[in-house]
Amino acid sequence: ITGLSQVMGTVFSGIAPSIASSLFALSLKRNMAGGYLVYIVLVGITCGGLRCSLLLPRRLSSDSDRVGKV
C-alpha cells in the first residue's frame, strides 16, 4: 500500500503542473472567468479535500479498544 501511494503521489506531482498551466492558458485564451478559472478549480479541489477530511474519525482506535471485537 505504501509503495502504491508513493507511485500515485509521484505521478500526480508530475502531471498536476502541466494540467494547471494548460487550464490557465485555456482560461486566458477563451476568457473563462476572466482568466482565473484555474484558481477557481484549485479552490474547488481544496474545498473537496477539506470536506473529505471531515469524514475521517476524530480519534484512532487503539489495539486495546479492539480486543475481543473481531
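Q: Where does Asn-31 lie?
A: Asn-31 sits in the loop between α1 and α2. Helices here are DSSP runs of H or I with at least four residues, strands are E runs of at least two, and both are numbered from the N terminus. Before we go on, a word on the source: this is a predicted model, in which local features need pLDDT of at least 70 and side-chain atom pairs count only at pLDDT 80 or more, while totals for chains, interfaces and linings use all residues. Residues are numbered from 1 along each chain as its sequence is written, and side-chain values use heavy atoms, with hydrogens and water left out.

Q: Why is Asn-31 called exposed?
A: Its relative accessibility is 58%. Buried means under 20% relative accessible area, exposed over 50%, and partly exposed in between, with a 1.4 Å probe and protein chains only. Asn-31 therefore counts as exposed.

Q: What is the phi of Asn-31?
A: Phi of Asn-31 is near 55°, a positive value in a residue other than glycine. Ala-33 has a positive phi too, about 60°, and is not a glycine. Ala-33 is also in the loop between α1 and α2, but at 43% relative accessibility it counts as partly exposed.

Q: Why does Ser-27 count as buried?
A: Ser-27 has 0% relative accessibility, so it counts as buried. Ser-27 belongs to helix α1, residues 2-29.

Q: What is Ser-27 in contact with, leaving aside its neighbours within four places in sequence?
A: Contact means heavy atoms within 4.5 Å. On that basis Ser-27 touches Met-32, Gly-35, Tyr-36, Leu-37 and Val-38. With Gly-35, a polar atom of the Ser-27 side chain lies 3.3 Å from the backbone oxygen. A polar contact is a pair of N or O atoms within 3.5 Å; within protein, one must be able to donate a hydrogen and the other to accept it, and residues adjacent in sequence count only if both atoms are side-chain atoms.

Q: What makes α1 and α2 oblique to each other?
A: The two helices pack at an angle of about 135°, with their axes 8 Å apart. Axes are lines fitted to C-alpha atoms, for helices over the stretch in contact, and angles run from 0 to 180 degrees between N-to-C directions. Under 35 degrees counts as roughly parallel, over 145 as roughly antiparallel, 65 to 115 as roughly perpendicular, and the rest as oblique. α1 and α2 are therefore oblique.

Q: Which residues of α1 and α2 meet?
A: On the α1 side they are Ala-20, Leu-23, Phe-24 and Ser-27, and they meet Leu-37, Val-38, Tyr-39 and Val-41 of α2.

Q: How many aromatic pairs does a search of the whole structure find?
A: Two. In one of them, the ring centres of Phe-24 and Tyr-39 are 6.3 Å apart with planes at 70°, so the pair is edge-to-face. Rings of Phe, Tyr and Trp (its six-membered ring) pair if their centres lie within 6.5 Å; planes under 30 degrees apart count as stacked, over 60 as edge-to-face and the rest as tilted. This pair links distant parts of the chain, 15 residues apart: Phe-24 in helix α1 and Tyr-39 in helix α2, residues 37-54.

Q: Why is the pair of Tyr-36 and Tyr-39 called tilted?
A: Their centres are 6.0 Å apart and their planes are at 40°, so the pair is tilted. Ring pairs join Phe-24, Tyr-36 and Tyr-39 into a cluster.
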